[in-house]
Amino acid sequence: MNADELLKRYAAGERNFHETNLKEASLREAFLIHINLACANLKEINFALANLGQANLIGTNLKNACLVMTKLNGANLSRADLSFARLTGADLIEATLKNANLSDTKMIGVDLSRSSLYAANLMEANLIDACLDNTNLEKANLI
């Protein structure tokens, strides 16, 4: 599936794109709230300025993804691989990132207020100016 097909199917009311392969696709500025991309291959995808509020991204491969200024409010990214992703300025308020791999991510200015990063791997992550108000970092790797 390519980005254009996903956008057409989403516009037609479809929300379930479980295990979809969108490697290297560009969905910049896309409006995809409540989308189900669980276990999808989104490696190197461009979601800059997109709205993925309340999205199901459980187990998704987002390695090297561009999520700059992306809205991920309430999204579930449990067990997702976000290693080397760029999340500068992203909005992850009340997001779930349990057991997520966030190693080597750029999270400058990201808002993680009231999010859960329980047992998440944040090794070498850049969290300069990140908002961590009421964020659950229990058992997270912050090396």
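**Cysteines, salt bridges and the nonpolar core**

Cysteine 39 has a relative accessibility of 41% and therefore counts as partly exposed, where buried means under 20% relative accessible area, exposed over 50% and partly exposed in between (1.4 Å probe, protein chains only). Cysteine 131 is likewise classed as partly exposed, its relative accessible area being 25%. A search of the whole structure for disulfides, defined as pairs of cysteine sulfur atoms within 2.5 Å, returned zero.

The model is predicted: local features need pLDDT of at least 70, side-chain atom pairs count only at pLDDT 80 or more, and totals for chains, interfaces and linings use all residues. Residues are numbered from 1 along each chain as its sequence is written, and side-chain values use heavy atoms, with hydrogens and water left out.

Side chains of opposite charge can pair when their charged atoms come close. Four salt bridges are present in the structure, a salt bridge being a side-chain nitrogen of Lys or Arg within 4 Å of a carboxyl oxygen of Asp or Glu. One of them joins arginine 9 to glutamate 14, with an N to O distance of 2.7 Å. Arginine 9 is partly exposed at 29% relative accessibility, and glutamate 14 is partly exposed at 28%. Both residues also belong to a network of salt bridges that links Glu5, Arg9 and Glu14.

A further salt bridge is formed by arginine 28 and glutamate 29, whose closest N and O atoms lie 3.9 Å apart. In this pair, glutamate 29 counts as exposed, with 54% relative accessibility, whereas arginine 28, at 47%, counts as partly exposed.

Glutamate 94 and arginine 114 also meet through their side chains in a salt bridge, at 3.0 Å from N to O. This pair links distant parts of the chain, 20 residues apart, with both partners in the segment after helix H1 (3–11); helices (H or I, at least four residues) are DSSP runs numbered from the N terminus. Glutamate 94 has a relative accessibility of 46% and is partly exposed; for arginine 114, the relative accessible area is 46%, and this residue is partly exposed.

The largest nonpolar core comprises 44 residues, such a core being a set of buried Ala, Val, Leu, Ile, Met, Phe, Trp, Tyr and Cys residues joined through side-chain atoms within 4.5 Å. Leu37, Phe47, Leu92 and Leu97 have the most contacts inside this core. Residues up to four places away in sequence aside, leucine 97 touches residues including Leu77, Leu82, Leu92, Leu112 and Tyr118, contact meaning heavy atoms within 4.5 Å.

Key. Helices (H or I, at least four residues) and strands (E, at least two) are DSSP runs, numbered from the N terminus.
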